[in-house]
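My notes follow in the order I took them.

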Amino acid sequence: MARLCMRTILLIAVLAVVCVFIPGRFACAEEAPAVRTITVEEVKSEGDEGPEVITSEQVEAARTMTPERMYALLCLWALIILAIVLIRFQVRDDEKLYEEGYYSREIE
Amino acid sequence: MIDVIKALDERIKLGWMISLARHKLVPVHKHSVWYYLGALLLFLFVIQAITGAMLLFYYKPAAETARQSIAEIMVEVPYGWLIRSVHHWASNLMIVLAFVHFFSTLLVKAYRRPRELTWLTGMVMLMLVLFFGYSGYTLPYDERSFFAFNVGTDMAAAVPVVGTYLMEFLRGGDIVGTNTLNRFFAFHVGVLPLALLAVIVVHVILVQLHGMSVPISVLKKAETEKREIPGKPMFPHFLWHDAVNCLLLFGGLVTLAMLIPSELGPEIDLLKPAPEGVKPDWFFLWVYQILKWMPTYVLSIEGEIAGIVGLIGAALVIVFAPFIDRRAQRNERSPLFTALGWLALLVFVVCSIIGYLS
């Protein structure tokens, strides 16, 4: 039973990764811009501008709930509930072993 | 899995640990629910360590760069907003659970012999967790953090005798600036984690050594009925329950982080006057409210100083409760300390609510 539980949890974890992360947008999945030569003037002018300052609006936008985030959250809760159900089975199994006196025996 | 356990047992003698856990019984009674808090706090500490280490890769601890680096974490770092929000909410939940653990331990008199040292290490941990929360609150170095720095370090100045020295030590000078931020950063990522980890290790060893404390009422009832208090093995029963609790806590934590992500206040404007109603973070609101109620002078002593001395005195009574509460040490009911415990809880809750609403 314990082995079955472990395997099921592993399987669920793999499924979780697939469910939660595949719908998400990855930077690496975006189309790369075409290669072009950057002139010395362009580099100089970028250097003069200094680092890009992030505005409060950008921070607020990052904090906003999106449908993708809601989906990810629901997937997470589904996994948690499933894991809890499996643990309950395991606990029931352990209770039976405990009543049979298994845990009072020395480990071989 | 079993092969892995056998292989590990051959090499690092894992068997004795499992055997110990199987033979360690946890009492089962109506107050057993309080036994789960320690594991939840440990779980939150691990989450804090992981998310904190992730944030450390991007955070730049200087007055000019701190706020901007947090904005970058929120906007540019993949899942940065989530990691920061989980860190923020885990710290708040850790403080909430630390207070619940503290009050439950105080009210069931779990500090009774031979657990005095366990209680003392717990009190040290509570203080470390509060300072952790405060130091983390100041690190974004936005407007709110700046005033939190000023209010907090001003409060330190009111401590009798060592106050001025303490304030200068915390600020790294006379005024709040980069030195202050650097000091709090050093505390937050260096001193406090090491100190907390060391105390956690001692606390957990002591808990394992003495086992769980059984409330006096349960002991008396079992004595009257002439029966033994039932117990279940720590492993696997309680560990599975801990796992369920940790999963639920993790779900709640991520939900909070996604629904209410942590904020970033406006930049500091030194020319601007302090906004009205500057308050400390929620876990110090009760102190703030008590000090606010203090009159200007109490018996020719400055009100704020008198208030802080009073609070330190009350804290000392609680810290040394195991040595003062003689009745509980004899496993007798001690209504005075029960009343003190409820009073402390009432003051904490009511003053925090009034402080928040005022």
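**Entry 1. H12 against H13 in chain B.** This is a predicted model. I started with helix H12 (residues 285-293) and helix H13 (residues 303-319) of chain B, whose axes come within 9 Å and cross at roughly 135°. Angles over 145 degrees would count as roughly antiparallel and 65 to 115 as roughly perpendicular, so H12(B) and H13(B) are oblique to each other. I noted the crossing of H12(B) and H13(B) as right-handed.

Next I looked up the residues that meet there. H12(B) brings B:Val287, B:Ile290 and B:Leu291, and H13(B) brings B:Glu304, B:Gly307 and B:Leu311. By class I have 4 nonpolar, 1 polar and 1 charged residue in the contact of H12(B) with H13(B).

Which residues of H12(B) are buried? I listed B:Leu285, B:Trp286, B:Tyr288, B:Gln289 and B:Leu291. Their cover includes H13 and helix H16 (335-357) of chain B.

**Entry 2. H5 against H11 in chain B.** I then took H5(B) and H11(B), which pack at an angle of about 120° with their axes 8 Å apart. That angle makes H5(B) oblique to H11(B). H5(B) passes H11(B) in a right-handed crossing.

From H5(B), I wrote down B:Leu82, B:Ser85, B:Val86, B:Trp89, B:Ala90 and B:Leu93 as the residues making the contact. From H11(B) the residues are B:Leu253, B:Val254, B:Leu256 and B:Ala257. The contact of H5(B) with H11(B) has 9 nonpolar residues, 1 polar residue and no charged ones.

**Entry 3. B:Ile95.** I picked B:Ile95, which sits in helix H5 (residues 80-107) of chain B. Is B:Ile95 buried or exposed? I found 20 C-beta neighbours inside 10 Å, so B:Ile95 counts as buried; the cut-off for burial is 20 or more.

Not counting residues up to four places away in sequence, B:Ile95 touches B:Val129, B:Leu130, B:Gly133 and B:Phe283. I also checked B:Ile95 against B:Leu41: they are 54 residues apart in sequence and 9.0 Å apart in space, C-alpha to C-alpha.

**Entry 4. Nonpolar cores.** The largest nonpolar core has 47 residues, and B:Met74, B:Met94 and B:Val129 touch the most other members. I looked up which elements of chain B each supply at least two residues of this core; among them are helix H3 (37-56), helix H6 (116-138), helix H7 (143-157) and helix H9 (178-210). H5(B) gives the most to this core, with 10 residues. I also noted a second, separate core of 7 residues, including B:Trp119, B:Met123, B:Ala321 and B:Phe337.

Leaving out residues up to four places away in sequence, B:Met74 touches A:Val59 and A:Ala62 in chain A, and B:Gly80, B:Trp81, B:Arg84 and B:Leu264 in chain B.

Entry 5. Chain A has 4 helices and 0 strands, in the order α-α-α-α along the sequence. Of its 108 residues, 4% count as buried.

How many residues of chain B are in contact with chain A? I have 26 residues of chain B in contact with 25 residues of chain A. On the chain B side, helix H2 (15-23), helix H4 (66-75) and helix H11 (234-259) give two or more residues. H11(B) has the largest share, 11 residues. The chain B side divides into 18 nonpolar, 6 polar and 2 charged residues.

**Entry 6. Backbone geometry.** Most residues other than glycine have a negative phi, and most peptide bonds are trans. I looked for exceptions in chain B.

The peptide bond from B:Arg113 to B:Pro114 is cis, with omega near 10°. B:Pro114 lies in the loop between H5 and H6 of chain B.

B:Tyr141 has a positive phi, near 50°, and is in the loop between H6 and H7 of chain B. I found 29 C-beta neighbours inside 10 Å, so B:Tyr141 counts as buried.

Phi of B:Lys226 is also positive, near 50°. B:Lys226 is in the loop between helix H10 (216-224) and strand S2 (231-233) of chain B. With 6 C-beta neighbours inside 10 Å, B:Lys226 counts as exposed.

Key
Residues numbered from 1 in each chain as written. Chains lettered and ligands numbered in written order. Predicted model: local features only at pLDDT ≥ 70, side-chain atom pairs only at ≥ 80, totals over all residues. Contact = placed C-beta atoms within 7 Å. Nonpolar A, V, L, I, M, F, W, Y, C, P; charged D, E, K, R; others polar. Axes fitted to C-alpha atoms, helices over the stretch in contact; angles between N-to-C directions. Parallel < 35°, antiparallel > 145°, perpendicular 65-115°, else oblique. Left-handed = near helix turned anticlockwise from the far one by under 90°. Buried ≥ 20, exposed ≤ 12 C-beta atoms within 10 Å, placed from the backbone. Core = buried A, V, L, I, M, F, W, Y, C linked by C-beta atoms within 7 Å.
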